[in-house]
Amino acid sequence: MMMVSPILIIFGMAVFFSIFSFHTHQMRKVFVGSIGLVASILMYGSPLVAVKQVIRTKSVEFMPFYLSLFSFLTSLLWLLYGLLGKDPFLTAPSFIGCLMGILQLVVYCIYSKCKEAPKTNPDIEQADELKVVTSQDNTK
């Protein structure tokens with residue numbers, strides 16, 4: 001309920017604001033479409049965290065291939081549908097989603113060929129080494 005409540009509140013505020021602030025259907029459509037456009041772009045951009053992790057660790061274990069592939073294919077299909085329907089609120093985020101999908105697939109192809117892929121997070125290893133050094137200093 002804690003995760004759903006903010007979404008419902010934001011949705012309710014958008015409906016309330018669009019009903020009482022915009023008096024034409026076209027203005028409401030642009031307002032609500034813009035909110036959907038921003039939300040879609042944020043959704044397509046969220047896997048960039050995994051791309052950052054893959055680049056940092058040089059291992060693709062943090063980014064599933066099929067998720068990247070089907071994210072790209074879904075974006076591509078929605079892009080085509082938006083182009084055929086001449087709907088900029090579908091076309092713009094789908095185009096960005098295609099670019100993000102291509103980026104993920106390219107990163108996956110580059111780092112899936114790395115032979116020395118570490119299986120742990122380097123930040124954790126550095127913290128463990130620091131603990132070992134600190135504990136050795138305290139024993140003297």
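This is a predicted model: local features need pLDDT of at least 70, side-chain atom pairs count only at pLDDT 80 or more; totals for chains, interfaces and linings use all residues.
User: Which residues are buried in H2?

Analyst: Buried means under 20% relative accessible area, exposed over 50%, and partly exposed in between, with a 1.4 Å probe and protein chains only. In H2, the buried residues are Gly33, Tyr44 and Gly45. They cover an arc of only 95 degrees around the axis, which puts them on the same side of H2. The arc is that of the directions from the helix axis to the C-beta atoms.

User: How many helices and strands are in the chain?

Analyst: Helices (H or I, at least four residues) and strands (E, at least two) are DSSP runs, numbered from the N terminus. The chain has six helices and zero strands, and its pattern along the sequence is α-α-α-α-α-α. Of its 140 residues, 23% count as buried.

User: What share of the contacts in the chain joins residues 24 or more positions apart?

Analyst: Contact means heavy atoms within 4.5 Å. Taking the contacts with a separation of 6 or more, residues 24 or more positions apart account for 66%.

User: What span does H2 reach, and what covers its buried residues?

Analyst: The expected span of a helix is 1.5 Å times one less than its number of residues. H2 has 21 residues and reaches 30 Å from its first C-alpha to its last, close to the 30 Å expected at 1.5 Å a residue. The cover over the buried residues of H2 includes helix H3 (48–57), H4 and H5.

User: Which residues of H4 are buried, and which are exposed?

Analyst: Ser68, Phe72, Ser75, Leu79 and Gly82 are the buried residues of H4. Seen down the axis of H4, they fall within an arc of 95 degrees, so they line one face of the helix. Tyr66, Leu77, Tyr81, Leu84 and Gly85 are exposed on the other side of H4. H2 and helix H5 (88–111) are among the elements that cover the buried residues of H4. Helix H4 itself runs over residues 65–85.

User: What is Ser68 in contact with?

Analyst: Ser68 is found in helix H4 and counts as buried at 1% relative accessibility. Leaving aside its neighbours within four places in sequence, Ser68 is in contact with Met63, Gln104 and Leu105.

User: Where is Lys86, and what is its phi?

Analyst: Most residues other than glycine have a negative phi. Lys86 has a positive phi of about 55 degrees although it is not a glycine. Lys86 lies in the loop between H4 and H5, and at 75% relative accessibility it counts as exposed.

User: What is the phi of Lys58, and where is Lys58 found?

Analyst: Lys58 is not a glycine, yet its phi is positive, at about 60 degrees. Its place is in the loop between H3 and H4, and Lys58 counts as partly exposed at 43% relative accessibility.

User: Is Ser59 buried or exposed?

Analyst: Ser59 counts as buried, at 2% relative accessibility. Ser59 is in the loop between H3 and H4. Its C-alpha atom is separated by 8.7 Å from that of Tyr108, with the two residues 49 apart along the chain.

User: What is the volume of the largest pocket, and which residues line it?

Analyst: On a 1 Å grid over the protein atoms alone, a cavity is a set of points where a 1.4 Å probe fits but cannot get out, while a pocket is an open set with protein on both sides within 12 Å along at least five of seven lines; lining residues have an atom within 4 Å of a point. Grid points are joined across faces, edges and corners, and a volume is the space filled by probe spheres set on the points. The largest pocket has a volume of about 240 Å³. Its lining is made by Ile7, Ile10, Phe11, Ala14, Val15, Ser18, Val32, Ile35 and Gly36. Helix H1 (4–21) and helix H2 (25–45) are the elements that give two or more residues to this lining. H1 gives the most, with six residues.

User: What is Ser18 in contact with?

Analyst: Ser18 is in helix H1 and is buried, with a relative accessible area of 6%. Apart from its neighbours within four places in sequence, Ser18 is in contact with Arg28, Phe31 and Val32.

Technical notes: Residues are numbered from 1 along each chain as its sequence is written. Side-chain values use heavy atoms; hydrogens and water are left out.
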